[in-house]
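Here is a friendly walk through one structure, for anyone meeting it for the first time. Have a look at the sequence and the fold, then read on.

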Amino acid sequence: MSDMTSNTPLVRNRREPGWEYWMYFAPIFALSLPLAVMRAGVAAVTSDTGPRPGIVTDAWARARDVTTTIFSV
């Protein structure tokens, strides 16, 4: 049996995103909004009955994914 007290995992500090993150996030979110509206429109036209997130929620999630991908590089 291993001794977990000697090799405890490191605790990472989570910081709030800084101003640079929000400077990237804002235009990406602004571009994501029309695309989210188009996705919702296509889903309505094709009678997609699956649950969909709201337009702003969808745009926010996609903008967050893109921005974090940019900052992970």
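Phenylalanine 25 is buried, as its relative accessible area is 4% (buried means under 20% relative accessible area, exposed over 50%, partly exposed in between, using a 1.4 Å probe and protein chains only). You'll find phenylalanine 25 in helix α1. Leaving aside residues up to four places away in sequence, phenylalanine 25 touches Trp60, Ala63, Arg64 and Thr67, where contact means heavy atoms within 4.5 Å. Phenylalanine 25 and tryptophan 60 sit 35 residues apart along the chain, and their C-alpha atoms are separated by 9.1 Å.

Before going further, a word on the model: it is predicted, local features need pLDDT of at least 70, side-chain atom pairs count only at pLDDT 80 or more, and totals for chains, interfaces and linings use all residues. Residues are numbered from 1 along each chain as its sequence is written, and side-chain values use heavy atoms, with hydrogens and water left out.

Now for threonine 67, which belongs to helix α2. Threonine 67 is buried, with a relative accessible area of 0%. Its contacts, not counting residues up to four places away in sequence, are Tyr21, Tyr24, Phe25 and Ile28.

What about the overall layout? The protein has two helices and zero strands; both kinds of element are DSSP runs numbered from the N terminus, with helices being H or I of at least four residues and strands E of at least two. Of the 73 residues of the protein, 15% count as buried. Among contacts with a separation of 6 or more, 63% come from residues 24 or more positions apart.

How do the two helices pack? Helix α1 covers residues 19–45 and helix α2 covers residues 55–72; they pack at an angle of about 140°, and their axes are 7 Å apart. Axes here are lines fitted to C-alpha atoms, for helices over the stretch in contact, and angles run from 0 to 180 degrees between N-to-C directions. That angle is why α1 and α2 are oblique to each other (under 35 degrees counts as roughly parallel, over 145 as roughly antiparallel, 65 to 115 as roughly perpendicular and the rest as oblique). The residues of the contact of α1 with α2 divide into 18 nonpolar, three polar and five charged. In that count, Ala, Val, Leu, Ile, Met, Phe, Trp, Tyr, Cys and Pro are nonpolar, Asp, Glu, Lys and Arg are charged, and the others, Gly among them, are polar.

On to the rings. A search of the whole structure finds nine aromatic pairs. Rings of Phe, Tyr and Trp (its six-membered ring) pair if their centres lie within 6.5 Å; planes under 30 degrees apart count as stacked, over 60 as edge-to-face and the rest as tilted. Here are two of the pairs:

| Ring pair | Centres apart | Planes at | Type |
|---|---|---|---|
| tyrosine 21 and phenylalanine 71 | 5.7 Å | 50° | tilted |
| tyrosine 24 and phenylalanine 71 | 5.4 Å | 85° | edge-to-face |

Tyrosine 21 in helix α1 and phenylalanine 71 in helix α2 are 50 residues apart, linking distant parts of the chain. Tyrosine 24, also in helix α1, is 47 residues from phenylalanine 71. Tyrosine 21 counts as buried at 13% relative accessibility, while tyrosine 24 is partly exposed at 37% and phenylalanine 71 is partly exposed at 38%. Ring pairs link Tyr21, Trp22, Tyr24, Phe25, Phe29, Trp60 and Phe71 into a cluster.
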